[in-house]
Amino acid sequence: MDNIDETAINIFTDGSSYAGPRRGGMGIVFVVVDNDGHEVHYDLAPPGYKSATNNQMELQACVEALDFLVRRYCPIDVRQFPKIVINTDSRYVVDNFNKAKFEWPKRRWHTREGAPVANAQIWKELVRKVAKVGPRVYIQWIKGHKASENNK
């Protein structure tokens, strides 16, 4: 079962990639708690991408979710919430989010070993969206699919 933070915009993201021909997709669920204590859900299914990898789609789902929150006609008022919690089953996103914010920009988007950061453009876009959305953004790992009602 999902732990919903009543004081936050709770976002559940998932990305996927299919082979032959390679194409990626993603799904996003927003959960907020209204003044009466009821959960309100908003589903978002952005279009997929040709030739995308699973990691690219996991990242892109986070970008698309934050982009949705800053749209003019978004049904969720970001200003009413002190934080945003992105729940993802991607260790790739969770384990590298702070590196993308703090380490890689200082190294000109190269790893400690000197190799270029994989998916740097999407990581940069995620960092820009986090800065733009306003409240503090937290990314946390959840066990996906069957273990999470909102990550199926």
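Reader: How do you know that the span of α1 agrees with what its 16 residues should give?

Author: First, what counts as a helix: helices (H or I, at least four residues) and strands (E, at least two) are DSSP runs, numbered from the N terminus. The expected span of a helix is 1.5 Å times one less than its number of residues. For the 16 residues of α1 that rule gives 22 Å, and the end C-alpha atoms are 23 Å apart, so the two agree.

Reader: Where do these values come from?

Author: This is a predicted model, in which local features need pLDDT of at least 70 and side-chain atom pairs count only at pLDDT 80 or more, while totals for chains, interfaces and linings use all residues. Residues are numbered from 1 along each chain as its sequence is written, and side-chain values use heavy atoms, with hydrogens and water left out.

Reader: What makes α1 "mostly covered"?

Author: Count its buried residues (buried means under 20% relative accessible area, exposed over 50%, partly exposed in between, with a 1.4 Å probe and protein chains only). In α1, 12 of the 16 residues pass that test, including M57, L59, L66 and L69. Across the chain, 45% of the 152 residues count as buried.

Reader: Why is strand β2 called largely enclosed?

Author: Because 9 of the 11 residues of β2 (residues 23-33) are buried, the rest of the structure largely encloses this strand.

Reader: What makes β1 and β2 a pair?

Author: Two strands pair if DSSP finds at least two bridges between them. Strand β1 (residues 8-18) has 9 bridges to β2, and the two run antiparallel. One of the bridge partners is G25 in β2, which goes with S16. The two strands form a hairpin with 4 residues between them, and G20 in the turn has a positive phi of about 65 degrees.

Reader: Which other strands does β2 pair with?

Author: Strand β3 (residues 39-44) is joined to β2 by 6 bridges, antiparallel, and V32 has V40 in β3 as its bridge partner. That hairpin has 5 residues between the strands, with G37 at a positive phi near 85 degrees. Strand β4 (residues 49-50) has 2 bridges to β2, also antiparallel, and R23 partners K50 there.

Reader: What makes something a nonpolar core?

Author: A nonpolar core is a set of buried Ala, Val, Leu, Ile, Met, Phe, Trp, Tyr and Cys residues joined through side-chain atoms within 4.5 Å. The largest one here has 38 residues, and I9, F30, L69, I84 and L126 have the most contacts inside it. At least two residues each come from β1, β2, α1 (54-69), β5 (83-88), α2 (91-103), α3 (120-133) and β6 (136-141). The most come from α1, with 9 residues. Apart from this core lies another, of 6 residues, among them I4, F12, V29 and I142.

Reader: What is I84 in contact with?

Author: Contact means heavy atoms within 4.5 Å. Leaving aside neighbours within four places in sequence, the contacts of I84 include I9, I11, L66, L69 and Y138.

Reader: How do you know that the chain agrees with a compact globule?

Author: The radius of gyration is taken over C-alpha atoms, and the globule rule is 2.2 Å times the number of residues to the power 0.38. With 152 residues the rule gives a value near 15 Å; the chain has 15 Å, so the two agree.
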